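This briefing goes through one protein chain, topic by topic. Please look over the sequence and the structure before reading on.

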Amino acid sequence: MEPELIEHEGVVVSAEKGVVQVKITSRSACGACKARQACGMAEAQEKIVVVPTPRAADFLPGEVVSVGVRKKAGRIAVLLAYGGALVVLLAALVLAVVLLGASDGVGVLVALGSVVIYYLLLWICRRKIEHTIQFTITKI
């Protein structure tokens, strides 16, 4: 049975006001990880992860920690970031070209504009989305 959490080891950069910032460095082991497509760590060298926690005062800069996220939350993030954008892109393209009779160039512009609006809406709703994707942090 696979673990419920996707975990990465990292180093605390800062800890203040209920938030811990952790620097995660990807390793070659990411290439063999089954969750690498959902994680996004395979293509990143270093990434800062912001982990809200009421125990932020317990963590010191330079401390080695483990940051985890539930697999289900990772899948939701991937679905929102990539799947939703693809659906919006294709729907807008079909709507503009097939139903409204626009030229291919206009259809592409409408589709790309629709994706920009989709990402803008995601950004506006980011606080609500952040509550569904919760990170955990533990000392190693």
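This is a predicted model: local features need pLDDT of at least 70, side-chain atom pairs count only at pLDDT 80 or more; totals for chains, interfaces and linings use all residues.

**The chain as a whole**

- The protein chain has four helices and five strands.
- Read from the N terminus, the elements come as β-β-α-β-β-α-α-α-β.
- Of the 140 residues in the protein chain, 26% are buried.
- Among contacts with a separation of 6 or more, 70% come from residues 24 or more positions apart.

**The sheet**

- Strands of a sheet pair through backbone hydrogen bonds, and the pairing is either parallel or antiparallel.
- Here five strands form an open sheet in the order E3-E2-E1-E4-E5, and the pairing is antiparallel.
- Strand E3 (46-52) and strand E5 (135-139) are the edge strands, each pairing on one side only.
- From one strand to the next, the twist averages 40°.
- Strand E1 (residues 5-16) and strand E2 (residues 19-25) run antiparallel and are joined by six bridges.
- Ala-15 has Val-20 in E2 as its bridge partner.

**Helix H3**

- Helix H3 (residues 104-124) has 21 residues, and the distance from its first C-alpha to its last is 30 Å, close to the 30 Å expected at 1.5 Å a residue.
- The buried residues in H3 include Gly-107, Ala-111, Val-115, Tyr-118 and Leu-122.
- Why do the buried residues of H3 line one face of the helix? Seen down the axis of H3, they fall within an arc of 80°, so they line one face.
- An α-helix has 3.6 residues a turn, so residues three or four places apart point the same way.
- Leu-109, Val-116, Ile-117, Trp-123 and Ile-124 are exposed on the other side of H3.
- The cover over the buried residues of H3 includes H2 and helix H4 (126-130).

**The nonpolar core**

- The largest nonpolar core has eleven residues, among them Val-12, Val-20, Val-22, Ile-24, Phe-59 and Ile-137.
- E2, E3 and E4 are the elements that give two or more residues to this core.
- The most comes from E2, which gives three residues.

- Is Ser-66 buried or exposed? Ser-66 counts as buried because its relative accessible area is 11%, and the cut-off for buried is under 20%.
- Ser-66 sits in strand E4 (residues 64-70).
- Apart from neighbours within four places in sequence, Ser-66 is in contact with Glu-7, His-8, Glu-9, Thr-136, Ile-137, Thr-138 and Ile-140.
- Thr-53 is found in the loop between E3 and E4.
- With a relative accessible area of 10%, Thr-53 is also buried.
- Again leaving aside neighbours within four places in sequence, the contacts of Thr-53 are Gly-18, Val-19, Val-20 and Ile-137.

Conventions
Residues are numbered from 1 along each chain as its sequence is written. Side-chain values use heavy atoms; hydrogens and water are left out. Buried means under 20% relative accessible area, exposed over 50%, partly exposed in between (1.4 Å probe, protein chains only). Contact means heavy atoms within 4.5 Å. Two strands pair if DSSP finds at least two bridges between them. Axes are lines fitted to C-alpha atoms, for helices over the stretch in contact, and angles run from 0 to 180 degrees between N-to-C directions. The expected span of a helix is 1.5 Å times one less than its number of residues. The arc is that of the directions from the helix axis to the C-beta atoms. A nonpolar core is a set of buried Ala, Val, Leu, Ile, Met, Phe, Trp, Tyr and Cys residues joined through side-chain atoms within 4.5 Å.
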